[in-house]
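Let's walk through this one together, question by question. Here is the structure to look at first.

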Amino acid sequence: MKVNKIYKYFTPFVIGALILTLLFGCEDKLNEPFEDEAFTSDVDYTIGDNMVLPLLGAYYGLYTRSWEEPLTLGIRGDDVNAAGDQVPMQEQDEFKYLASHWNPNSVWQLHYNDIINVFTAMEEIEKYRPAAANDALADQYIAECKVIRAYLYLNIARTFGGCIVIDELSNIQATPLSNLNQVMQYIVDQMDEAIPYLPDTHPNKRSDIKGGMTTYTAYAIQALAYQEMKDYQGVVSATSQIINSGEFELSDDYYHLFKQAGKLDDENILEFQYSDFNQSEGDRFSFLYAPFGTNWTPVVTGASSGWGFYEPTLKYIKFMLDRGETVRLETSVVFTPSGITEIQDQYGSIPEWISNVNREGDIFNDNARMNFASGKHIQPSTELIDGRTSQGSNKNFIVIRYAEMLLMYAEALTRGATTSLSLTADDAVNLVRERAGLTDLSGVTTKNVLDEKFAELAMEWGTRYYDMVRTENVAELTHEGKTFTMDKAYLPFPADQVAELPQLGDGI
Amino acid sequence: MKKTLFVISLLLVSTLIFAQQQLNVKGKVTGTDNLGIPGVSIVVKGSSSGTITDLEGFYTIEATSDDIIVYSFIGFDTQEIPVAGRTEINVVFEESNQLVDEVVVVGYGTQRVKDLTSAITTVKSEELVKSPNGQTMQALQGKVAGMQIINAGAPGTEPTVRIRGIGSYPSSSNSQPLYVVDGMYFDNIDFLNPSDIESLSVLKDASASAIYGVRAANGVVLITTKKGGVSKKATVTYEGYIGVQVPQNVLQMANAEQFVEYINQTGSAADIQFIENAMQRYGRSRINPNVPDVNTDWYAEIMKKTARQQNHSISMTGGSEATTYSLGVSYYEQQGLLETAKNSYERLNIRGNFDHEVNNWLKAGMNVNVSNGTKYIADDGAWFSAYHAVPILPKYDMENYDKLMDAGMSNASMYSSAQLIGYRGSQNPFLNLDYMSNRQNIRKVLTGIYTDITLIPNKLNLKTTYSLYIMDLKSRNVGLPYYVTNDTNRELSSISSYKSSDTNQFLDNVLTYNDSFGAHNISLMLGTSYRDEWYDYLQGYAQDIPLNENSWYIGQSQSETSKSVEDNAERIYGISYFGRASYNYKSKYLAYFTLRREGTSKYQEKWGTFPAFGLGWVVSEESFMDGANFIDYFKLRGGWGRLGNDKIARQDGANTTNPVYLAIDDTQVDATTTTSTFGYLGWETVTGTNIGLNATLFGNKLDIEADYYVRDTENAAIPVSLKLQSGSVLKNVGVIRNSGLEMAVNWNGKITSDLKYTLGFNFATLKNEVRDLYGQEYLNGGSAEFRQRSQIGEPLLSFYGYEVAGVYQNQGEIDNDQVAQDNSLVPGDLRFVDQDGNNIIDDDDKVFLGSYFPNLTYGGVLGLSYKNLEFSMNIMGQSGNKILNRKRGEIIWTNDTNIDAELANNLWNGDGTSNKYPSASGLRRGWNQNFSDYLVEDGSFFRIQNVRLAYKLKGSSIIGPGMPDAVVFVTAERPLTMFNYNGFNPEVPNGIDRQFYPIPSVYTIGLNLKF
């Protein structure tokens, strides 16, 4: 009985105690590593060959542009109308700026995303440097990063008239605003730093990263920065390096330069590369060309049309017709039936070759929101890899061409800069003209060169707009009912950025 | 130790005990109706011996002549009767009117309502099944003061539940409370059938919920599923209803004529051209030849007139002296409102539990709850498209279809596309609806097994529970190919299929000790909890699968290169030690203390400590209150507690090095990008203070409960915008306060013995406020175009923009206004308030335009019963919240769309026509697209939530013995909602109305049977 009682009363305790003690062994579970996680600290920096990965990551950042970026940069010139239904773009085209417009904010943020991406890429490259055991290569990669970064700063500063040049990522909030000239000087200095380490060749001759940055990309960006600073001697010295290298040549087929055939052409100094990887399906690396496209009846059924946001101006077309341009007009402008009627109404008789059908047979139809489209950005449907249907799939986006360098060189000479090369301003301009099937000029003036740039580089990245702002040519930008004044040269800092960074509030 | 002493003393003094005269006391416990009450607990006061009554209410117990026998049963007043030498004691129990004698479930135990010092609201199971809802929480809308419930219209979707505002930034953690179902933690309880729930308690304040540590920052909802009762004869119950859902408050869109008029007013040549195109393609209206012969009401097209909803459940409960059981099966079905092949939710639940008393110290039991749900989710985008699609576009375009068929186009579709008449987008909502199929199979199993060991009878016991929850979710999302135009098509079918599983295991040990020393009553609880929560996910994707549904598998894909697979997992361990001590002196002075020590593997900082305490004073027990006869019960109480929120991600700033690829010379090349925004996060800490009172007055007719609370969330994880870049990173950088007053008043009255009535009303105020941002003045949220800002002193995420002063009516007003001059404005443009008076409208003129938190929510109930007839009506409402009408705001991205009729009819169109809306062309100017209170509307509403009429039939008296009792009822759920907002429904969880599934009214007829 007693034993029973003891048994009876203690059993619960024993069992209870047993259960409780089971638990205390579990605390070390709290230190279990987390599932499915990779940290930078887990990256193996002892594999020297991987040093190229962060560099390619910087290129990735540069190439992954959002559709609104080239549009926002391009629409304000007298070469382009903002078509389509995007109110902010139309208002910017009319030089009506609001700090609340969404697209400049996007340009700002997306460019800075990639600038910051370059900073981290450079840090990563440095981490690989010891294992790579190739200082020259590491230095080259860092230099390439600087070129990428400089291009991004160039865009932002030209758009907003200045920006924040980051010295350290942790110090952004305390970094003062730099004006346009300061940013351009920064770019010039950065390129000087980078050039000694870069491959001294045409980008398409690079074997490691074909189409990547070389000394000549850096010179081209430096020349653009000098030009913004109106340092024309600087323009000549930078462009001379490119011209004198013998690496670059104008494509003899202007039309196809902007098609598949122009990929990594000898004329191209910088281009964003996109590809379907020669596959009819699966992975592709692409840019959204749809806003450039318009309604069409493509030769290749299923080739998607576009949104029709980017329209060459009637002013440009008239200008080209006046000059008797053919291939450059055909390449730059896609005509719709209504567009052809409009020119006939407003210009009079037009050359017979003007048609709403391109060489490849794609028929361009009317679009209620625009009459012309940008041929440099529209890829014929026949060039699509079978199975791909997206507008412009597999097409590269040319950013800086040799033709622009020649014309910048020529303009600088007309402004009194001197050159050690035998190439004269006339020679440089005529190289471009000959390719376009035009007769030579002699004794070219600054105006001749700027007109040539208009004809040659229209619709490309706002080049025309920057030229007109630089030369304070209010009259040209005041066109087709849009009134420009110099206080509209730069977009206001996006309201959203001002709210985050008070130093932007005071303006430039 | 006490136990040991007890055993020793037993052994030593056993002779003494046996010396006293033992009596065998017998008797019967009955109710006032003379029927025996089974399961009444009978103990000899001060001893461990006890028993319960049998099925007929009879009992036998050994006691001495001097003993006092205590009879207790839930719902009745406990009676203490001295034996005084008798051998037969019959007891009559009177039904207690005093709710305060109820016991409520609290964390890891129960407490008498009388002894509570914190704000806990218990909802009875009858209340839960009164309204026809598949989701339990939906039934509570308007019924618990301080708990905001925002319905979701899509079948099978859980409502948004907020207890006392929100303490966390919405994107970093949802504000759903913790659901504890039979001891297991849940983030949602969509798998439960409301009819399977026995009791539901809402722990509102921190002092009550702190026992749940890091999960309970947003309050706790404790749910126990139905159990059997000791010595109860088996009861079989059927509850069911069938009903229809009817869309209500359907938003009126501009019809074709109004649309054409609006477009003509815009003067947009392109849009006028599209109308012209439509007239050419579809003909001209015979009534108005300037309007196309098409007038599509897209909401009417995509929405069914009615949709079915039904619920049936059968359950059986009962028990013998040692074993109790409860079983049930239930089926719920809800059809969606969208006009598409499949948009529905079905759920079958099976449930069972049994408890067994193995011997006098061991009790064990288990429960199982299995839920098998299937959801066909219709693409929500259809609601968005239906708002924006132009009314001059028909649903079908046969001309195009015939052309496609003639051309032998595969997958040709009859649906129209707005691109056929020149628009940029396809607009037709049916393309989203009919060429997408999204099915979810949701299988959830919750099971638990427990042992309850009595260490000292009626005093000390140890309960060990092992709970296991397994969730298996299979989601299959198929896109079907179609061809309308070159740009309105999906060339290849695609399938995205994923499986995710949750396997959560909890092991809880709870030691409970109850004792009384004279007038001192104490209750102690000590416990440990071990948790292992494992989430696992596997997804595959492929294109080009066959079109018949039985072939919708990745393996059937014809496209090897399109196949991809992804997976991830998370496993979090937690260990907690916790305890509670509650004490009362004569049930007059109450004290309560809990402490939880919480360990988690989730964060860098592993451990946290969460204390809470409460005090109460039952004033009505004091002798000086004796004179106040109208006061039956009056208690003042207060509590404070601290808890954590571990719903915050453990880290943010996407982790670090990511593989990407790019194209170099047409070759795919790997690369890495590295982000520099990484940061670890820790849990948020919530501190809450609550003071309240409970009163019962006028002979238990009037109940009053009132609470005032302040809840502070510290280290709140808030997204901080990255500088210069896009995006943001979460940081523990804020203090958010919610405070408010809650009150619930209930009156139970009787006019005659047959006619009884209940009147209840509750309300809650809420003030949400950002108190600190750790050095920053404000943090921006929302999107750049529709800015929301969290600033110290303002509610979280308040809308932030310009205040509209009116509309410029004429050129004179423009000429006299510097701002209008500078910005080249025209009559019909909005006039913004120049807050700083400097004649420049810029950032300095932006102001707070309101918040999406209602500052007042209320609910009420009227109940009437006359003999067998019962009527009840619930109302609810809220006020003070704002809604961003983003449907209207979308015009900033795409302006060639339709607008709602209210806007179309009231656009400014000449001097004096509107001082609220801009002109038609003004809608398309950037100036008017600045974010302003033109887009921010009042979200207040009042609703008749539920009307129910029920008739009770006593089968045995009508038909004959053995026949079941029945209740037949009809209900109208949400028959009327009144509001001013220009949308379907003012219930918008985050205040941004872009595309929401509308909430229908539901009308049902139902039957309950009890055998």
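Two residues are in contact if their C-beta atoms, placed from the backbone, lie within 7 Å. This is a predicted model, where local features need pLDDT of at least 70, side-chain atom pairs count only at pLDDT 80 or more, and totals for chains, interfaces and linings use all residues. Residues are numbered from 1 along each chain as its sequence is written, while chains are lettered from A and ligands numbered from 1 in the order in which they are written.

Q: What percentage of the contacts in chain A with a separation of 6 or more comes from residues 24 or more positions apart?
A: Take the contacts in chain A with a separation of 6 or more. Residues 24 or more positions apart make up this share of them: 70%.

Q: What percentage of the residues of chain A count as buried?
A: Buried means that 20 or more other C-beta atoms lie within 10 Å of a residue's own, with C-beta atoms placed from the backbone. Chain A has 508 residues, and the buried share is 53%.

Q: How far apart are the C-alpha centres of domain 1 and domain 2 of chain A?
A: Bounds here come from an automatic or database domain assignment. Domain 1 of chain A covers 48–198 + 483–508, and domain 2 covers 290–383. Their C-alpha centres are separated by 32 Å.

Q: Which element supplies the largest share of the side of domain 1 of chain A that touches domain 2 of chain A?
A: On the domain 1 side, 13 residues are in contact with 13 residues of domain 2 of chain A. Helix H3 (68–74) and strand S1 (80–82) of chain A each bring at least two residues to that side; helices (H or I, at least four residues) and strands (E, at least two) are DSSP runs, numbered from the N terminus. The largest share, three residues, belongs to S1(A).

Conventions
Buried ≥ 20, exposed ≤ 12 C-beta atoms within 10 Å, placed from the backbone.
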